[in-house]
Amino acid sequence: NDLSKKEQDILKDMKIVQEMYARGFDFEPIDIYKAKARLFQIVGDKKLMPALSTIDGLGDKAADAIVEAVADGPFLSRDDFKSRCKVSSTVVDLMADLGLLGDLPISNQISLMDFLK
């Protein structure tokens, strides 16, 4: 009963995960272009994709903003993601560290070295 709001949210998510494993489900990595803001979803055969809000440090408002920004099309860079989603650099770095931003370049600027490859 003495858990903080954050700890209560984590406990709720962990109970969902435990229940789904008990029912034979597996988990799919989060895809920022397909994930829902606050709801887990069934993907494929007995696989679940967690909601964006389950990412530690990403609140409900930021998750909603990401879903809204995705509706406007693919992101060009991490800077574009940060700008369109109105999230902090910390959130962008966290999502990049988790591999959720794929191979998005850091900036929209084109480097001369890109043409030499």
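Arg 38 is partly exposed, at a relative accessible area of 45%. Keep that value for Exercise 1. The model is predicted.

**Exercise 1. Which residue does Arg 38 form a salt bridge with, and how far apart are the closest N and O atoms?**

Step 1. Find the partner. Arg 38 pairs with Asp 64.

Step 2. Read the distance. The closest N and O atoms are 2.4 Å apart. A salt bridge needs a side-chain nitrogen of Lys or Arg within 4 Å of a carboxyl oxygen of Asp or Glu, so the pair counts.

Step 3. Arg 38 sits in the loop between β1 and β2, and Asp 64 belongs to helix α2 (residues 60-70). They are 26 residues apart, so this pair links distant parts of the chain.

Step 4. Arg 38 has 45% and is partly exposed. Asp 64 has 25% and is partly exposed too.

**Exercise 2. Where in the chain do Glu 28 and Lys 47 lie?**

Step 1. Start with the contact. Glu 28 and Lys 47 form a salt bridge, with their closest N and O atoms 3.7 Å apart.

Step 2. Locate each end. Glu 28 is in the loop between β1 (26-27) and β2 (41-42). Lys 47 is in strand β3 (residues 47-49). The separation is 19 residues.

Step 3. Glu 28 is partly exposed at 27% relative accessible area. Lys 47, at 35%, is partly exposed as well.

**Exercise 3. Are Arg 84 and Asp 80 buried or partly exposed?**

Step 1. Identify the contact. The side chains of Arg 84 and Asp 80 meet in a salt bridge, 3.0 Å from N to O.

Step 2. Find the element. Both residues lie in helix α3 (residues 78-85). They are four residues apart, about one turn of the helix.

Step 3. Apply the cut-off. Buried means under 20% relative accessible area. Asp 80 has 12%, so Asp 80 is buried. Arg 84 has 24%, so Arg 84 is partly exposed.

Step 4. Widen the view. A search of the whole structure finds six salt bridges.

**Exercise 4. Which helix gives the most to the lining of the largest pocket?**

Step 1. Note the volume. The largest pocket has about 390 Å³.

Step 2. Look to the centre. The pocket has 18 lining residues, and the closest to its centre are Asp 9, Asp 13, Ser 53, Thr 54 and Asp 60.

Step 3. Name the helix. Helix α1 (residues 5-22) gives the most, with seven residues.

Step 4. Sort by class. The lining has eight charged, six nonpolar and four polar residues.

Technical notes:
Residues are numbered from 1 along each chain as its sequence is written. This is a predicted model: local features need pLDDT of at least 70, side-chain atom pairs count only at pLDDT 80 or more; totals for chains, interfaces and linings use all residues. Side-chain values use heavy atoms; hydrogens and water are left out. On a 1 Å grid over the protein atoms alone, a cavity is a set of points where a 1.4 Å probe fits but cannot get out, and a pocket is an open set with protein on both sides within 12 Å along at least five of seven lines; lining residues have an atom within 4 Å of a point. Grid points are joined across faces, edges and corners, and a volume is the space filled by probe spheres set on the points. Helices (H or I, at least four residues) and strands (E, at least two) are DSSP runs, numbered from the N terminus. Ala, Val, Leu, Ile, Met, Phe, Trp, Tyr, Cys and Pro count as nonpolar, Asp, Glu, Lys and Arg as charged, and the others, Gly among them, as polar. Buried means under 20% relative accessible area, exposed over 50%, partly exposed in between (1.4 Å probe, protein chains only).
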